[in-house]
Amino acid sequence: MEYPEVRETDPAVADALAGEVQRQEDTLAMIASENHVSEAVLEAQGSALTNKYAEGYPGARYYAGCEYADAVEELAIERAEELWGAEHVNVQPHSGTQANMAVYLAVLDPGDRILSLELEHGGHLSHGHPANFTGQLFEVEQYGVDPETGYIDYEALAEQADEFDPDIIVSGYSAYPREVEWERIQTVADAVDAYHLSDIAHITGLVAAGVHDSPVGVADFVTGSTHKTIRAGRGGIVICDEEHADDVDAAVFPGGQGGPLMHNIAGKAVGFGEALEPEFEDYAQQVVANAEALAESFADNGFEIVSGGTDTHLVLVDLRESHPDTSGGDAEEALADAGIVLNANTVPGETRSPFDPSGIRAGTPALTTRGFDEADCREVGDLIHRVVDNVDDESVIAAVRERVGELTDENPLYR
């Protein structure tokens, strides 16, 4: 992939862009929140729409010259509504976090109460962490997973909600490998007269394809990212029914952000269109099958798998039993040297620092996009184990890096 105009104008940036393409070609992207979009999405995101201010919404902009911006945003909305069976979708949020912000601004006042999953148990910063605006503006309590099973303890959640009396309960997570029982959480929310926000940032594509139960039509609000398992332009969405549409739209603009990133919305429209094709369901099913194969490989190699497996696109490994002297950070660094890019992650009952936690999180969306199947993912699991077993052995890391190179050559991206 060449950048001739950038190279002529700014060789240093061109070098970085070309280097990033080569890095993606030559490594296995296993960060669960990453994927590889199509060249069509890349082209849309690099389009002239980056020049256009379009504050407002289609047909009601604050600037002239928005006819094509309107056309693109309307396509993104229509396709999103079809994908998720939604009454109303706002496609303007710049990220999943800003999608969550829009919901909070729409229905909460500062000081209101949020009940959400603890970060070390698989939650997200934007669900109430004290370093995030949510933890600074709202009163937050957090629930956890059952320490024995790794599954959400729905009965404990109900008891905690009854005691805390939240204004909104947040479901949907960033490092929880099991299907979420949306209706059970909705029942809890109804019992305490709270709103229910389902954040499906990681599983937007799995939900769209029907390989994970959908919270649309169950929860009051559904938010998501558009660049993870859905493989569209980078950003976020908010899904709700018509009752809350005006409040959500006002919370996005002008409540939380100004002009929409129209080039990103173009990327969303293109990616949503791709996801409406029959092949996308096959892709999503393969993502889950690959994650299950990866989990089986990890278990066969003696890793402790949080919750014992996965129903989704990610596997969470707790290294404390199998590799007590190896932190998640140690594993992440050695694996990156071997060409396998995943992330250190906290685990339930974390005993290390969140900056160097006890676990690693591995996802299969990007591998599946490259064409990997279950056999490939079992082999990748073996390679990961070899490195984690030998984080200080350069010869092992070099051997694994060589095999990674063969795998990437067999499954190219943009070449």
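Which residue in β10 is the bridge partner of Val-222? In this predicted model, the bridge partner is Ile-239.

The overall shape comes first. The protein chain contains 16 helices and 15 strands. Its C-alpha trace spans about 60 × 60 × 40 Å along the principal axes. A compact globule of 415 residues would have a radius of gyration near 22 Å, and the 21 Å found for the protein chain agrees with that expectation. Of these 415 residues, 55% count as buried, that is, they have under 20% relative accessible area. Contacts tell us about the fold as well: among those between residues at least 6 apart in sequence, 72% join residues at least 24 apart.

The surface and the charges come next. The accessible surface of the protein chain comes to about 17,200 Å², and carbon and sulfur atoms account for 46% of that area. As for charge, the protein chain carries 21 positive and 81 negative side chains. The centres of these two sets lie 7 Å apart.

Strand β9 covers residues 221-225, and because five of its five residues are buried, it is largely enclosed by the rest of the structure. In a regular strand, side chains alternate between the two faces of the sheet. In β9, Phe-221, Thr-223 and Ser-225 point one way, while Val-222 and Gly-224 point the other way. The residues on both sides are all buried.

Strand β9 has partners to describe too. Strand β8 (residues 195-199) runs parallel to β9 and is joined to it by three bridges. Here Asp-199 stands opposite Thr-223 of β9. With strand β10 (residues 236-240), β9 pairs in the antiparallel sense, over five bridges.

Four strands form an open sheet with antiparallel pairing, in the order β11-β12-β15-β14. The edge strands are β11 (304-305) and β14 (343-345), each of which pairs on one side only. Strand β14 pairs with β15 (residues 359-363) over three bridges, in the antiparallel sense. Within β15, Ile-360 is the bridge partner of Ala-344.

Notes:
Residues numbered from 1 in each chain as written. Predicted model: local features only at pLDDT ≥ 70, side-chain atom pairs only at ≥ 80, totals over all residues. Heavy atoms only, no water. Helix = DSSP H or I, 4+ residues; strand = E, 2+ residues; numbered from the N terminus. Rg over C-alpha atoms; globule rule 2.2 N^0.38 Å. Buried < 20%, exposed > 50% of the residue type's maximum accessible area, 1.4 Å probe, protein only. Contact = heavy atoms within 4.5 Å. Areas by Shrake-Rupley, 256 points an atom, 1.4 Å probe, with all protein chains shown as cover. Lys, Arg positive; Asp, Glu negative; His and termini not counted. Charge placed at Lys NZ, Arg CZ, Asp CG, Glu CD. Pairing = 2+ DSSP bridges.
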